[in-house]
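Opening the notebook on this one. I want to go through helix packing, then the sheet, then the cores.

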Amino acid sequence: MTAFFLGVLSSVSATALVCAAGWARAGRPRWWLVGLLARLTGTGISRAYREQRSAEPDLARELARARWVKVLTGRGNTLTRDTFAPVWADGGVPVQVLLPNPDEEPDTWLERREERLARTDPGFGPGLLRSQIRANLAYLTHLARQYPAVDLRTFDLPHIFRLIVTDRGAHLTFYGEHAHGRHSPCLFLRPGGALYEAVLGLFELIWATGAPHR
């Protein structure tokens, strides 16, 4: 009887562990666990995405309700897509955008990022990243002429992350060495948390040293 009871208990325990593992791997429960840990540690990480592209629907909803927006990105394609459409439709939301300087001298951070992407993306030839940044700068320059609340600057720093900060939170993407941003992991940071304050301060520092785009 004891052996039978222990066998049943083992089976039930194993089933419970499998269910718990599946529950923890699910999106929303995982966010709940991450949020609980963030509150206990004070980091402010409330959501974690395996890939940045999975965060786009949540980002779009947050942008639609944001009172101000700050963006630092390595290329800027997201700025021209539906995710940012609510921001440009409003026209009155203060927006600060930092993009890499496409006119950097050879052998700079921009070229190094381009070379790394080319290792996994065969269509990424020399000069393509620069041309894409120039196209996005032209798009944003046109917007800035219509909406004075849009401000644009360029920077010359390592291309290791994308940062979108609003009064509602911050999306921080860590670029994979040879991966596009959309395939890289992304964190959502709550306002008031230690990491939110850190990335906001970092943006302000880079903004202060960036070059206004004409």
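Which residues are buried in helix α5 (residues 109–118)? I get L110, R113, E114 and L117. Buried here is under 20% relative accessible area, exposed is over 50%, and partly exposed lies in between, with a 1.4 Å probe and protein chains only. Helices (H or I, at least four residues) and strands (E, at least two) are DSSP runs, numbered from the N terminus.

Ground rules before I go on: this is a predicted model, where local features need pLDDT of at least 70, side-chain atom pairs count only at pLDDT 80 or more, and totals for chains, interfaces and linings use all residues. Residues are numbered from 1 along each chain as its sequence is written, and side-chain values use heavy atoms, with hydrogens and water left out.

**Helix α5.** The axes of α5 and α6 are 9 Å apart, at an angle of about 115° (lines fitted to C-alpha atoms, for helices over the stretch in contact; angles run from 0 to 180 degrees between N-to-C directions). On the α5 side I listed L110, E111, R113 and E114, which meet L128, L129, R130 and I133 of α6; contact means heavy atoms within 4.5 Å.

**Sheet.** I traced an open sheet of eight strands with mixed pairing, in the order β1-β7-β6-β5-β2-β3-β4-β8. Two strands pair if DSSP finds at least two bridges between them. β1 (45–49) and β8 are at the edges with a single partner strand each, so one side of each has no neighbour in the sheet. I then checked β4 (residues 150–155): five of its six residues are buried. Six bridges tie β4 to β3 (residues 95–100) in parallel, and L99 has T154 as its bridge partner. Towards β8 (residues 211–212), β4 runs antiparallel with two bridges, and R153 stands opposite P212.

**Cores.** A nonpolar core is a set of buried Ala, Val, Leu, Ile, Met, Phe, Trp, Tyr and Cys residues joined through side-chain atoms within 4.5 Å. The largest one I found has 24 residues, and V69, F84, W88, V95, V97 and L140 have the most contacts inside it. α6 gives the most to this core, with five residues. Apart from it I noted another core of 16 residues, among them I45, L163, V199 and I206.
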